[in-house]
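Subject: Structure handover

Hello,

Here is the structure I said I would pass on.

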Amino acid sequence: MSTPKKSRELVPEKIYDMLLNARTADKVVMHFKDGRIIGGALIFNPFKGTGRLINIEQELSVDFAVDDIRDLKLSAKGASV
């Protein structure tokens, strides 16, 4: 019998709450389930559970759903990441 492996993955409800609180963050860093790690400004539609992450330095825009996210880090106003 194998022991279950502890996952670093957050539950979707916790990620949803963090996305709602991200309005005060200058920058977010998203860890996607497919392995990508992308930082930038966040636009989130709480009614659809979808959003867009925009990184202007890399000229990159990524659409996402809450279920696509493994982890999320927020940068507070005035803090540098």
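Helix 1 (residues 12-21) has Ile15, Met18 and Leu19 as its buried residues. Buried means under 20% relative accessible area, exposed over 50%, and partly exposed in between (1.4 Å probe, protein chains only). These three cover an arc of only 100° around the axis, which puts them on the same side of helix 1; the arc is that of the directions from the helix axis to the C-beta atoms. Glu13 and Asn21, on the other side of helix 1, are exposed. As background, an α-helix has 3.6 residues a turn, so residues three or four places apart point the same way. Helices (H or I, at least four residues) and strands (E, at least two) are DSSP runs, numbered from the N terminus.

Before the rest, a note on the source. This is a predicted model, in which local features need pLDDT of at least 70 and side-chain atom pairs count only at pLDDT 80 or more, while totals for chains, interfaces and linings use all residues. Residues are numbered from 1 along each chain as its sequence is written, and side-chain values use heavy atoms, with hydrogens and water left out.

Aromatic contacts

There is one aromatic pair in the structure. Tyr16 and Phe44 make it, edge-to-face, with 5.5 Å centre to centre and 75° between the planes. Rings of Phe, Tyr and Trp (its six-membered ring) pair if their centres lie within 6.5 Å; planes under 30 degrees apart count as stacked, over 60 as edge-to-face and the rest as tilted. Because Tyr16 lies in helix 1 and Phe44 in strand 2 (residues 37-45), the pair ties together parts that are 28 residues apart in sequence. Tyr16 is partly exposed at 27% relative accessible area, whereas Phe44 is buried at 16%.

Charged side chains

Three salt bridges turn up in a search of the whole structure (a side-chain nitrogen of Lys or Arg within 4 Å of a carboxyl oxygen of Asp or Glu).

- Arg52 and Asp63 form a salt bridge, their closest N and O atoms 2.6 Å apart. The pair links distant parts of the chain, with Arg52 in strand 3 (residues 50-55) and Asp63 in strand 4 (residues 60-65), eleven residues apart.
- Asp34 and Arg36 form a salt bridge at 2.9 Å, N to O. Asp34 is exposed at 52%, and Arg36 partly exposed at 36%.
- Lys73 and Asp71 form a salt bridge, with the closest N and O atoms 3.2 Å apart. Asp71 is buried at 3% relative accessibility, while Lys73 is partly exposed at 37%.

Regards
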